[in-house]
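Hi there,

Here is the structure I promised to pass on.

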Amino acid sequence: MGKLTTWLACGLLALAPVAGGGVLDRLLGTSFLFTLIGCVLAVTYLVGTFAAAAPLFARSTRVRDEPGRFALTFDDGPDPRFTPTISRLLTERGHRATFFVLGTHASDYPQLLRQVLADGHEIASHGFDHGLLAFSLPPRVRAQLLATERAIVAAAGRPPVRLFRAPHGVRSPWLGHTVGRLGYRVCGWAGSIFDTAEPGVPTIVERACRNLRSGAILLLHDGDGSRRSGDRRQTVEALPAILDEAERRGLRSVWLSSLLEPPLEHPTASLAAPVPRGPATQALSVLDLEGYRPRRGTGLARVGHPPENADGKPLAGKEEQTQAHSD
């Protein structure tokens with residue numbers, strides 16, 4: 001179900017209790033009592049579904065307001081046109097980021113995931129195919145997470161950090177419970193940058209800097225979840241100015257997992273990294289992973305293993321970084 005179709009369906013569903021309340025008021029002669037109750041239910045449903053920071057359907061991760069640290073996050077990648085440039089620019093500037101990747105893109109570009117890790121960043125889950133989850137039942141939600149985890153393990157040799165961001169932040173009433181049972185935490189973000197709308201580099205910089213503060217989670221994009229090959233050059237061009245302002249304010253981007261409260265355990269490299277087993281894995285049949293085999297010939301070489309100081313501690317010397325990128 002597409003974005004516009006989902007919005008329309010959710011809007012119609014929200015009208016149901018309002019209309020039902022109006023009918024009850026007319027039958028019982030209770031003025032606007034039940035209509036008002038229906039309006040409250042409708043608003044509650046819409047806020048829970050579309051407001052990524054609202055704790056109604058899924059409580060977002062809590063972030064420590066640690067002085068001098070914030071989290072840059074990127075959704076919808078990896079994309080060979082933009083992800084390598086973003087990843088290396090951040091590393092060269094001494095910043096770390098969290099990349100919420102799509103399982104289908106991870107399968108297409110496994111070298112990119114290895115490069116992101118080698119540059120010192122972390123990988124998290126954005127679902128397998130960017131499908132909106134407003135009407136997805138728990139088996140479908142489980143299938144999305146487990147299929148994405150398998151794709152990341154196959155591509156990078158390690159599972160993602162246990163963080164999940166729903167596509168467009170759209171959630172169902174049972175999403176939080178389902179995600180939590182798989183050991184993941186739901187992630188939101190601060191403010192609205194909307195870099196995917198390509199509003200212009202100055203606008204992206206202004207919106208991002210408006211939300212720059214200790215403990216903030218900024219949402220940008222290094223890929224396109226709609227499979228329309230969206231252009232993210234404006235995001236790439238805006239990033240240096242965003243980092244300039246962050247550094248001017250004494251801020252440095254670190255792994256989102258390192259800012260969470262309580263702390264989140266980070267996965268270690270393992271070519272045999274396990275994927276959760278049990279009844280939930282039966283739902284994987286919903287997704288056909290055979291249709292998303294890695295593409296060959298992207299020209300991206302493996303760059304080594306991620307540095308140990310990827311949690312925001314001082315980077316290795318320039319000579320060591322240069323050597324890491326030349327491997």
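This is a predicted model: local features need pLDDT of at least 70, side-chain atom pairs count only at pLDDT 80 or more; totals for chains, interfaces and linings use all residues.

Val23 belongs to a nonpolar patch on the surface, together with Leu24, Leu27 and Leu28. The accessible area of these residues together comes to about 400 Å².

Next, the aromatic rings. Searching the whole structure turns up 2 aromatic pairs. One of them joins tyrosine 45 and phenylalanine 57 in a tilted arrangement, with 6.3 Å from centre to centre and 55° between the planes. Tyrosine 45 is part of helix 2 (residues 33–50), while phenylalanine 57 belongs to the loop between helix 2 and strand 1 (69–77), so the pair ties together parts that are 12 residues apart in sequence. Tyrosine 45 and phenylalanine 57 are both buried.

Phenylalanine 74 and phenylalanine 99 also pair up: their ring centres are 5.2 Å apart and their planes lie at 20°, so this pair counts as stacked. Here distant parts of the chain are linked, since phenylalanine 74 is in strand 1 and phenylalanine 99 in strand 2 (residues 97–101), 25 residues apart. Phenylalanine 74 and phenylalanine 99 are buried as well.

Helix 3 (residues 83–92) is worth a look too. Of its 10 residues, 7 are buried, so the helix is largely enclosed by the rest of the structure. The buried residues are Thr83, Pro84, Ile86, Ser87, Leu89, Leu90 and Thr91. Just after helix 3 comes glycine 94, with a positive phi of about 85°.

Finally, please find threonine 148, which is in helix 6 (residues 138–156). Is threonine 148 buried or exposed? Its relative accessible area is 0%, under the 20% cut-off, so threonine 148 is buried.

Setting aside neighbours within four places in sequence, threonine 148 is in contact with Val101, Gly103, Ser125, Gly127 and Phe128.

Happy browsing, and do write back with any questions.

Best wishes

Conventions: Residues are numbered from 1 along each chain as its sequence is written. Side-chain values use heavy atoms; hydrogens and water are left out. Patches are made of residues with over 30% relative accessible area and no salt bridge: like charges are joined within 9 Å, nonpolar side chains (Val, Leu, Ile, Met, Phe, Trp, Tyr) within 5 Å. Accessible areas come from the Shrake-Rupley method with a 1.4 Å probe; for residues, only the protein chains shown count as cover. A salt bridge is a side-chain nitrogen of Lys or Arg within 4 Å of a carboxyl oxygen of Asp or Glu. Buried means under 20% relative accessible area, exposed over 50%, partly exposed in between (1.4 Å probe, protein chains only). Helices (H or I, at least four residues) and strands (E, at least two) are DSSP runs, numbered from the N terminus. Contact means heavy atoms within 4.5 Å. Rings of Phe, Tyr and Trp (its six-membered ring) pair if their centres lie within 6.5 Å; planes under 30 degrees apart count as stacked, over 60 as edge-to-face and the rest as tilted.
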